[in-house]
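Welcome! Please take a moment to look over the sequence and the 3D view below, and then we will walk through a few of the features together.

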Amino acid sequence: MDRLFENLKKFKNKIALIGPDNKRYSYRYIAEKAIYMNSKIEKGSLILIIGSNNIESIIGYISFIKSNNVTLLLDKSFKVDYVNEIIKRYKPNYIFSPKEYFKKTTKGQSVISGQDYNLVKTNFGKHKKINKKNLLLLSTSGTTQNPKFVRLSKLNLVNNTNNIISYLNINPKHTTITTMSMAYSYGLSIINTHLFAGSKIVINNETIFDKRFWDKIYKFKVTSFGGVPQFYELLKKLKFEKMHLPHLKYLTQAGGELDKESLKYFHYVCKKKKVKFYVMYGQTEASPRMSYLEWNKLNLKLGSIGKPLKGSSFYILDKKKRYVKKPYSIGELIYMGKNVSLGYA
């Protein structure tokens, strides 16, 4: 499969998404919705999505990726002034965003009016010099809201998605739950991998301190979830060791370094619960995951980022750009793989 989300129809009436209101949406429904949305978009367009963890936003993202146009993804939490600056700078042909954004951003013609989202065709002309190798533009830093974007290609996304599915053995029997913004590369990667594998995703906007988050995990028999270090620090404070989660099969941690005491804690607790705990390393520039630490070696390799994904490699260079082979040496980490981005916009 050389295109992301080309296999949606294959899973037919299997449930793909469960909305915040617990309503279920099948793969067939998403595929049909994507065909309709893409029929309203001209080829060779730049589409701006102001995304959030809801059904319309995720279906819009899937549709535009399938359309093979260039998609630029921002988060709903970004300041409106920043969004306006991006619109001014990049001149998108379409904007897909929450309805309230249209009162604050550029004017245009409404093409699709959904329950919470609108697709608007702007007054900007088509881009004559658009690079068709670009498929998705992702912000390098959602917190600083820097207008520099990573340019990801079809090959980048498909390669990384397939590698992660293969390593974590993600399959149609799995169910995950959103714990991060879809505009954050790690959160988006979880969406990509699970939908590409025919799994189920529970759309969530609650924090782990909210009872409704855990109610969803129990009700929908969630088998996995992922998080950044802060997420796991909070999970530890909630006494994860005392939680009864009978359907949980594995956890993934990325987005920064988790301290060694917490790693020991999760290794011990997960081993006791028969849950696999995977430490992964990545960057938006690598679509985004680059390596994994085998769950059964966590106690032996505390602090390690593990092995590179299949078909990729790590090197360490010293100050003179020479390869470093001596253990425990300091140098610059170099990564090579088909998931490495095209550069920056």
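Which side chain meets that of K126 in a salt bridge? Keep in mind that this is a predicted model. The partner is E42, with N and O 3.6 Å apart. K126 sits in the loop between β7 (117-122) and β8 (136-139), and E42 in the loop between α1 (27-38) and β3 (46-51), so this pair ties together parts that are 84 residues apart in sequence. K126 has a relative accessibility of 41%, so it counts as partly exposed; E42 is partly exposed too, at 35%. Together with K121, E42 and K126 are linked in a network of salt bridges.

The count for the model comes to 12 salt bridges. Here are some of them:

| Pair | Closest N to O distance |
|---|---|
| D210 and R212 | 3.0 Å |
| K297 and E294 | 3.2 Å |

In the last pair, K297 is partly exposed, with a relative accessible area of 36%, and E294 is partly exposed at 22%.

Now turn to helix α5, residues 185-196. After α5 comes G198, which has a positive phi near 80°.

Finally, visit the surface, where Y315, Y323 and M336 form a nonpolar patch with about 330 Å² of accessible area together. M336 belongs to strand β18 (residues 332-336) and, with a relative accessibility of 45%, counts as partly exposed.

How values were computed: Residues are numbered from 1 along each chain as its sequence is written. This is a predicted model: local features need pLDDT of at least 70, side-chain atom pairs count only at pLDDT 80 or more; totals for chains, interfaces and linings use all residues. Side-chain values use heavy atoms; hydrogens and water are left out. Patches are made of residues with over 30% relative accessible area and no salt bridge: like charges are joined within 9 Å, nonpolar side chains (Val, Leu, Ile, Met, Phe, Trp, Tyr) within 5 Å. Accessible areas come from the Shrake-Rupley method with a 1.4 Å probe; for residues, only the protein chains shown count as cover. A salt bridge is a side-chain nitrogen of Lys or Arg within 4 Å of a carboxyl oxygen of Asp or Glu. Helices (H or I, at least four residues) and strands (E, at least two) are DSSP runs, numbered from the N terminus. Buried means under 20% relative accessible area, exposed over 50%, partly exposed in between (1.4 Å probe, protein chains only).
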